[in-house]
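Work through the exercises below with the model open. Each task is followed by its solution.

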Amino acid sequence: MAITGATRGLGYAMARGFAGRGHAVAGCGRSRQRIESLRGELGSPHLFDAVDVAGEGVDAWAAAVVERLGAPDLLINNAGLINRPAALWEVPAEELSRVVDVNLKGTCRVIGAFLPAMIERGSGVVVNFSSGWGRSTSPEVAPYCATKWAIEGLTRALAQELPPGLAAVALNPGVIRTDMLVEVWGEAAKAYPPPAKWAERAVPFLLGLGARHNGRSLDVR
């Protein structure tokens with residue numbers, strides 16, 4: 001069973017990819033309309049709910065998922081926001097907080113909600129989405145870079161804490177033509193593959209991860 005953020009482009013594509021390979025998928029997102037669309041498309045036994053990973057509903061959602069489907073084999077933290085391009089000192093405090101709340105605190109919330117069940121079972125892989133900007137930097141996206149660098153460090157530390165049989169991996173998905181990329185790069189984003197095309201490579205790659213990958217920083221290519 002795989003857990004993924006479901007309503008953004010990558011989440012949608014992964015959910016379809018995992019379901020198409022016979023895996024039960026649970027996912028969440030902030031858009032109730034998109035959640036209902038995905039729920040209607042994939043149906044049972046998959047579970048999709050409107051939950052903000054930066055909010056207070058994560059624990060209750062995770063408990064319901066584990067009760068219905070068991071502990072996840074893959075826990076994928078792909079929810080992410082980017083700041084509107086601007087010099088760091090020009091980024092509004094509220095916008096900075098929201099990027100940190102989703103990209104970093106949201107990841108921690110989801111891990112805290114699901115990992116105990118994975119540890120009790122003795123297996124599973126946590127995949128935290130990083131970025132090329134989690135291993136390098138660019139101007140005008142400093143808050144986003146900061147959160148993705150934090151994901152890299154958080155994942156390595158988590159890997160050192162996990163018992164045998166589990167793994168935590170930081171994953172750079174590569175450059176994909178998502179809404180986020182269009183927001184930052186504009187027309188130049190058209191040169192890169194859309195989420196559905198990316199998922200054709202990414203889903204089998206993710207399904208191949210196991211305990212031997214613990215602590216690694218990986219890339220989907």
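**Exercise 1. Determine the handedness of the H1–H2 crossing, then its angle class.**

Solution. The crossing of H1 and H2 is right-handed: the near helix is turned clockwise from the far one by less than a right angle. H1 spans residues 9–20 and H2 residues 32–42. Their axes come within 12 Å and cross at roughly 15°. Axes are lines fitted to C-alpha atoms over the stretch in contact, with angles from 0 to 180 degrees between N-to-C directions. Angles under 35 degrees count as roughly parallel, so H1 and H2 are roughly parallel to each other.

The model is predicted: local features need pLDDT of at least 70, side-chain atom pairs need 80 or more, and totals for chains, interfaces and linings use all residues. Numbering starts from 1 along each chain as its sequence is written, and side-chain values use heavy atoms, without hydrogens or water.

**Exercise 2. List the residues of H1 that meet H2, and their partners.**

Solution. Take contact as heavy atoms within 4.5 Å. H1 supplies Tyr12, Ala15, Arg16 and Ala19. H2 supplies Arg34, Ser37, Leu38, Glu41 and Leu42. Sorted by class, the contact residues of H1 with H2 are five nonpolar, one polar and three charged.

**Exercise 3. Describe the fold pattern and burial of the protein chain.**

Solution. Count elements: seven helices and seven strands. These are DSSP runs (helices H or I, at least four residues; strands E, at least two). Along the sequence the order is β-α-β-α-β-α-β-α-β-α-β-α-α-β. Next, burial: 49% of the 221 residues count as buried, meaning under 20% relative accessible area with a 1.4 Å probe, protein chains only.

Technical notes: Parallel < 35°, antiparallel > 145°, perpendicular 65-115°, else oblique. Nonpolar A, V, L, I, M, F, W, Y, C, P; charged D, E, K, R; others polar. Buried < 20%, exposed > 50% of the residue type's maximum accessible area, 1.4 Å probe, protein only.
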